[in-house]
Amino acid sequence: MIHMKNVFQRISIDQEICMHCGACVGTCPKNALFLHDLTVAADENCNGCLLCVRVCPIGAIEKVPGGKRR
Amino acid sequence: MKIIETDVVVVGAGPAGSTTARFAAKGGADVVMIEKRQEIGSPVRCAEGISKPLLDKIDLKLDQKDIARQVKGAKIISPSGHVLTISEKQAGNEVGIVLDRVFFDKHLAKLAADEGAEILLKTSAVGLLKDDGRIAGVRAIGPSGEFEIRAKCVVGADGFESQIGRWGGIDTTLSPDDITSCFQYRLTNIDIDPDYCEFTIGSMAPGGYVWIFPKNEDTANVGLGIQLKQLKKPGEIKAALDRFISKDKRLAKGKPLDMVAGAVSICAPIEKTVIDNLLLVGDSARQIDPITGGGISNGCIAGRIAGETLAHAAETGDFSGRGLQTYEQGWRDVLENKQYRNWMAKEKLVKLSDDVLDKIIQALIEVGVEGLSALAILQAVAKKYPELVEEFKDFL
């Protein structure tokens with residue numbers, strides 16, 4: 001099982017919950033999220049707006065405590 | 001590194017991509033279509049309802065397997081449970097078929113293949129190729145590693161999560177007002193009316209609705225969408241659907257056969273879908289009905305126009321933004337007005353209270369309704385209760 005918790009400091013994507021639906025990828029205003037075959041990952045363009053946390057239909061993305069919006 | 005050369009590379013083998021590939025290849029263009037998944041049509045990310053008039057518009061005869069269920073009409077249910085039944089005749093065939101996308105998508109891809117399009121599975125686009133700043137294809141990763149698909153035009157049919165447009169410089173970013181987040185189960189062992197698609201509106205699904213689309217006698221796609229702007233807590237969508245199901249006696253004992261998550265755009269038409277050597281089609285072009293969230297019809301209709309435009313471009317050799325205007329103009333001629341009007345209607349609908357929605361549905365039950373379009377429904381209400389639809393005066 002792939003774990004990608006804390007791939008990035010502002011959000012963390014729980015790959016065990018993630019259904020790879022792309023809701024967060026299409027929503028991200030900074031295009032910082034990517035959907036590959038079986039993983040979703042975030043990159044350094046993330047500005048911490050947390051829209052991905054809200055749009056995720058099953059709650060697979062959470063805010064990392066202390067992560068700041070920039 | 002391996003290099004493939006072609007006229008057109010289509011990224012994404014959903015209905016819009018396959019229809020684009022089909023009509024481009026039919027008109028003589030060399031087409032390569034890539035799909036990141038190992039199987040076209042799976043996993044399904046859709047409620048699977050379409051209306052019958054689409055089929056003629058894209059010269060499509062459905063196979064028996066494509067159709068899970070033909071329904072007789074639609075029921076729209078108000079927050080407190082008033083049921084407006086719209087027969088197929090009244091709806092002008094607007095409702096009709098619950099698909100089996102696993103077969104339907106393969107059927108559309110087969111039609112593209114029959115015209116000569118190449119198909120590559122488990123192959124993702126990871127970037128655009130450029131020659132002196134001009135878009136010249138995509139960098140792709142497939143089962144045997146990274147390679148280049150050099151093409152005169154890149155078609156982004158890569159869905160809600162589209163990257164192609166953003167890479168090429170077309171702004172497809174959406175406001176939280178214009179996104180609906182959705183969750184769905186295919187539930188079996190339920191006690192539904194298998195002849196009607198059901199839409200329940202109100203505060204259980206703010207800015208969206210709950211749908212029940214029958215797949216067979218005791219199985220249906222049961223899902224819920226909420227406008228992103230209204231979402232506060234992580235995982236709220238699934239929780240709201242679970243709550244709805246547990247409260248509905250017909251559904252409460254249902255057992256899930258699959259789960260589907262996803263998001264759809266519910267925006268006004270975007271400003272442009274074409275630049276030099278690149279076009280967008282389907283969900284990636286945000287060609288979705290903002291009221292229903294339906295995208296198959298629009299994606300296929302736009303796909304046909306895109307394909308025919310690309311076939312012509314392959315003949316003339318002109319894949320510039322100007323050369324591709326036939327597509328830009330063509331899809332707008334048939335889809336833009338309705339998308340814009342329904343977006344305006346959606347902006348107003350999301351503000352209505354449960355109480356007003358109840359009154360509107362009750363009024364409709366009383367006066368009857370001629371069609372299933374948002375416009376027809378509002379006009380029906382306006383005839384008798386203009387004060388209820390005061391908000392929509394401009395729209396009417």
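Trainee: I see an open sheet of 3 strands in chain B, so what order do the strands have?
Mentor: The order is β3-β7-β4, and the pairing is antiparallel. Keep in mind as we go that this is a predicted model.

Trainee: Which strands stand at the edges?
Mentor: β3 (49-50) and β4 (67-70) of chain B do. Each has a single partner strand, so one side of each is left without a neighbour in the sheet.

Trainee: And how many bridges join β4(B) to β7 of chain B?
Mentor: There are 3 bridges between β4(B) and β7, residues 97-99. For one pair to look at, find Gln70(B), whose bridge partner in β7(B) is Ile97(B).

Trainee: Got it. What about β5 of chain B, which residues are on its covered face?
Mentor: Ala74(B) and Ile76(B) make up the covered face of β5 (residues 73-77). The uncovered face has Gly73(B), Lys75(B) and Ile77(B).

Trainee: Which way do β5(B) and β6 of chain B run, parallel or antiparallel?
Mentor: They run antiparallel, joined by 5 bridges, with β6 spanning residues 83-87. In that pairing, Ile77(B) stands opposite Val83(B). The two strands form a hairpin with 5 residues between them, and there Gly81(B) takes a positive phi near 105°.

Trainee: In which sense does β5(B) pair with β13 of chain B?
Mentor: That pairing is parallel, over 5 bridges, and β13 covers residues 196-200. Lys75(B) has Glu198(B) as its bridge partner in β13(B).

Trainee: Let's switch to helices. Which residues of α9 in chain B are buried?
Mentor: In α9 (residues 374-384), the buried ones are Ala374(B), Ile377(B), Leu378(B), Ala380(B) and Val381(B). They lie on the same side of α9(B), because they cover an arc of only 155° around the axis.

Trainee: Why would residues three or four places apart point the same way?
Mentor: An α-helix has 3.6 residues a turn, so residues at that spacing point the same way.

Trainee: What do the buried residues of α9(B) pack against?
Mentor: They pack against two helices of chain B, α7 (325-349) and α8 (354-367).

Trainee: I clicked on Lys338(B). Where is it found, and why does it count as partly exposed?
Mentor: Lys338(B) is in helix α7 of chain B. It counts as partly exposed because it has 17 C-beta neighbours inside 10 Å, and a residue needs 20 or more to be buried.

Trainee: Now the largest nonpolar core: which residues have the most contacts inside it?
Mentor: Val9(B) and Val155(B) do, in a core of 144 residues. Helix α6 (residues 296-316) of chain B gives the most to this core, with 10 residues. Beyond its neighbours within four places in sequence, Val155(B) is in contact with several residues, including Val9(B), Leu279(B) and Ala306(B).

Trainee: Last topic, the two chains. How many residues of chain A are in contact with chain B?
Mentor: 22 residues of chain A are in contact with 26 residues of chain B. On chain A, α1 (23-27), α2 (51-55) and β4 (61-63) each supply at least two residues of that side. By class, that side of chain A has 13 nonpolar, 6 polar and 3 charged residues.

Trainee: Thanks, I can find my way around now!

Note on methods
Residues are numbered from 1 along each chain as its sequence is written. Chains are lettered from A and ligands numbered from 1 in the order in which they are written. This is a predicted model: local features need pLDDT of at least 70, side-chain atom pairs count only at pLDDT 80 or more; totals for chains, interfaces and linings use all residues. Two residues are in contact if their C-beta atoms, placed from the backbone, lie within 7 Å. Helices (H or I, at least four residues) and strands (E, at least two) are DSSP runs, numbered from the N terminus. Ala, Val, Leu, Ile, Met, Phe, Trp, Tyr, Cys and Pro count as nonpolar, Asp, Glu, Lys and Arg as charged, and the others, Gly among them, as polar. A residue is buried if 20 or more other C-beta atoms lie within 10 Å of its own, exposed if 12 or fewer, and partly exposed in between; C-beta atoms are placed from the backbone. The arc is that of the directions from the helix axis to the C-beta atoms. A nonpolar core is a set of buried Ala, Val, Leu, Ile, Met, Phe, Trp, Tyr and Cys residues joined through C-beta atoms within 7 Å. Two strands pair if DSSP finds at least two bridges between them.
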